[in-house]
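Subject: Structure handover

Hello,

Here is the structure I said I would pass on. My notes on what was found in it follow below.

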Amino acid sequence: MSTLKTRKRLSYFNLGLFFLMGGIEYAVVLPTLWLYIQDRFDSPEYMLGIIMSAYSLAAMISSPLLGRWADKSRNPRIIIILCGIVQVGGNFMYFIGLSQWFLLASRLVVGFGAGGGSVIMGEIGRVTTEQERTGIIALLIAIRQCGLLLGPGLNVFLRLTDFHIGPFLVDKFSSPGVFMAAIWALQSLLMVFLYKDLHKIQAESIAEEKRTKKTDTIQNYSSIDNMDSVERDLLHTVNESDQRYMEIHSKTLPQKEPTLSRADNSRLTPVLGETSSSTENLNSQELHELSWRFLYTEYVREEVVVLMAVQFNSYFNQVGFETMITPLSQKFLHWGELENSIMYCCAAAEVIAVFMLVRYLSKRLQDRTMILIGLSTLVLACGWLLYAVPNSDPDKPSTNLPMFIVGLVLDMFALPFLAVCSISLFSKVTKKEHQGLSQGLRRIVVGCGMILGPLWTGSALSWPYIMLGVMLGLLVMSLVMLLLSYGRLDRKEESPVVQSVQADPVYTESNENQPLLS
């Protein structure tokens with residue numbers, strides 16, 4: 001059992017490392033991307049937006065495909081290793097940097113490898129309980145934020161590089177590519193030797209518990225054989241009394257069959273190793289046959305649509321806010337690169353602290369409650385900026401600073417609640433057998449928000465009332481949808497159903513010795 005616990009910890013360590021690499025890459029590559037394409041290739045400004053959007057576009061396409069592959073193969077380890085190898089190739093292409101279009105292709109390749117995140121989230125959704133899932137997701141995303149915090153510090157050293165690897169120059173522009181290729185290669189090696197699929201570890205743990213119980217039962221029988229005649233007669237008398245008591249009460253108490261709704265029944269997953277052949281055949285048929293009717297009945301449901309809308313609008317506003325904060329700080333606060341770097345580090349530190357708060361609250365509050373907290377805070381932040389930005393005077397940076405700090409703190413406080421709890425609750429309202437596909441479809445919605453958000457804020461930056469007004473309107477719409485569907489997002493409704501099935505006499509092991517026909 002201790003060996004299984006060690007394997008489980010090492011597996012979670014490798015999954016956390018995958019998210020850490022993603023955060024580091026974002027913080028290492030993007031700050032120098034504009035200077036890279038401008039200095040080397042004299043690229044126009046719109047090329048920066050195209051290259052940045054290429055990553056999200058590729059991740060949108062690859063996430064559902066890789067997730068579906070993981071659902072069918074039940075072998076996410078191979079998929080995650082392949083994603084790591086793809087990341088190595090994409091970053092090496094970024095290092096070579098033959099042209100601006102070659103850099104665009106490199107970000108497309110890296111974005112395809114980023115689809116492994118959906119495979120990981122799908123595996124987490126399959127093997128964790130609903131009570132522990134939110135905390136684990138919060139920890140993984142917090143690790144990614146740690147990568148965002150480490151990235152600027154690594155850039156301090158990478159900007160000093162100036163040497164050649166063969167015909168290729170390693171300088172402050174290309175060094176992020178070769179650096180990320182090296183650490184992604186290391187991460188892939190660790191996945192090969194130290195990672196084992198979580199569902200296989202879970203199956204081995206259940207089998208180990210069964211063997212332990214069987215050993216204890218054999219020891220109990222051997223202890224009965226060693227009893228003297230008086231002790232055996234006393235034990236036999238007690239067993240007969242217990243049997244008469246159960247017969248009397250089984251006749252007097254009404255037998256109540258548990259009733260399962262279609263939605264609840266579809267989400268009850270049998271314990272590993274105890275599924276019947278008919279259940280396995282049904283699940284296998286569902287996994288290999290996806291129809292438009294299944295997609296409609298599974299994903300076009302009120303609670304699913306609401307969570308998708310919340311995630312789209314949250315990321316639309318969050319990435320849009322990240323896009324507009326740098327030009328606004330330059331205009332109203334007269335900040336340069338150093339001040340912006342300090343601001344991003346402080347924001348990352350706040351986000352990590354709030355992620356830890358979410359992990360703590362996940363054991364005490366429901367996901368829907370924490371989503372409501374995050375969405376309400378984000379509405380408040382956007383409303384505050386709608387007032388602060390148009391009324392700021394570029395000639396009074398000291399007066400503008402407190403107003404911007406309030407908006408920034410509120411926005412960063414809301415992000416972890418929405419990022420973690422929406423993912424966790426989405427995994428709970430969709431089937432476990434299709435978690436990879438579900439997380440891939442969720443990633444498409446998030447990717448659309450991450451692409452459209454910067455495009456909107458970048459084009460409407462000169463009209464702050466329109467820019468922030470549309471963002472606030474989308475958030476208010478999501479808040480109204482969440483409040484109207486709040487009752488449908490209560491996951492406590494499933495607990496009595498599961499308990500009633502487990503407590504029903506038909507399923508207890510004590511009835512195995514009773515005759516089938518009385």
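Asp-197 and Lys-200 form a salt bridge, with the closest N and O atoms 3.8 Å apart. Asp-197 is buried, at 1% relative accessibility, while Lys-200 is partly exposed at 36%. Please keep in mind that this is a predicted model.

His-199 belongs to helix H8, which spans residues 198-225. This histidine counts as buried because its relative accessible area, 17%, falls under the 20% cut-off. Its side chain makes a polar contact of 2.9 Å with the side chain of Glu-123.

The salt bridges

The structure contains 13 salt bridges. One of them joins Asp-171 to Arg-40, and the closest N and O atoms of that pair are 2.6 Å apart. The two residues come from distant parts of the chain, 131 residues apart: Asp-171 sits in the loop between strand E2 (168-170) and H7, and Arg-40 sits in helix H1. Asp-171 is buried, with a relative accessible area of 11%, whereas Arg-40 is partly exposed, with 30%.

Another salt bridge connects the side chains of Arg-488 and Glu-302, at 3.2 Å from N to O. Arg-488 is in the loop between helix H18 (464-484) and helix H19 (494-503), and Glu-302 is in helix H13 (residues 302-332), so this pair ties together parts 186 residues apart in sequence. Both ends are partly exposed: Arg-488 has 45% relative accessibility and Glu-302 has 35%. These two residues also belong to a network of salt bridges that includes Glu-298, Arg-301 and Glu-303.

The nonpolar patch

Which residues make the nonpolar surface patch of about 450 Å²? They are Leu-10, Leu-189, Val-192, Phe-193 and Leu-194. Helix H7 (residues 175-194) supplies the largest share of the patch, with 4 residues. Leu-10 lies in helix H1, which covers residues 2-41, and is partly exposed, with a relative accessible area of 32%.

The protein as a whole

The secondary structure amounts to 19 helices and 2 strands. Of the 518 residues in the protein, 44% are buried. The accessible surface is about 26800 Å², and carbon and sulfur atoms account for 64% of that area. Among contacts with a separation of 6 or more, 83% are between residues 24 or more positions apart.

Regards

Definitions and conventions
Residues are numbered from 1 along each chain as its sequence is written. This is a predicted model: local features need pLDDT of at least 70, side-chain atom pairs count only at pLDDT 80 or more; totals for chains, interfaces and linings use all residues. Side-chain values use heavy atoms; hydrogens and water are left out. Buried means under 20% relative accessible area, exposed over 50%, partly exposed in between (1.4 Å probe, protein chains only). A polar contact is a pair of N or O atoms within 3.5 Å; within protein, one must be able to donate a hydrogen and the other to accept it, and residues adjacent in sequence count only if both atoms are side-chain atoms. Patches are made of residues with over 30% relative accessible area and no salt bridge: like charges are joined within 9 Å, nonpolar side chains (Val, Leu, Ile, Met, Phe, Trp, Tyr) within 5 Å. Accessible areas come from the Shrake-Rupley method with a 1.4 Å probe; for residues, only the protein chains shown count as cover. A salt bridge is a side-chain nitrogen of Lys or Arg within 4 Å of a carboxyl oxygen of Asp or Glu. Contact means heavy atoms within 4.5 Å.
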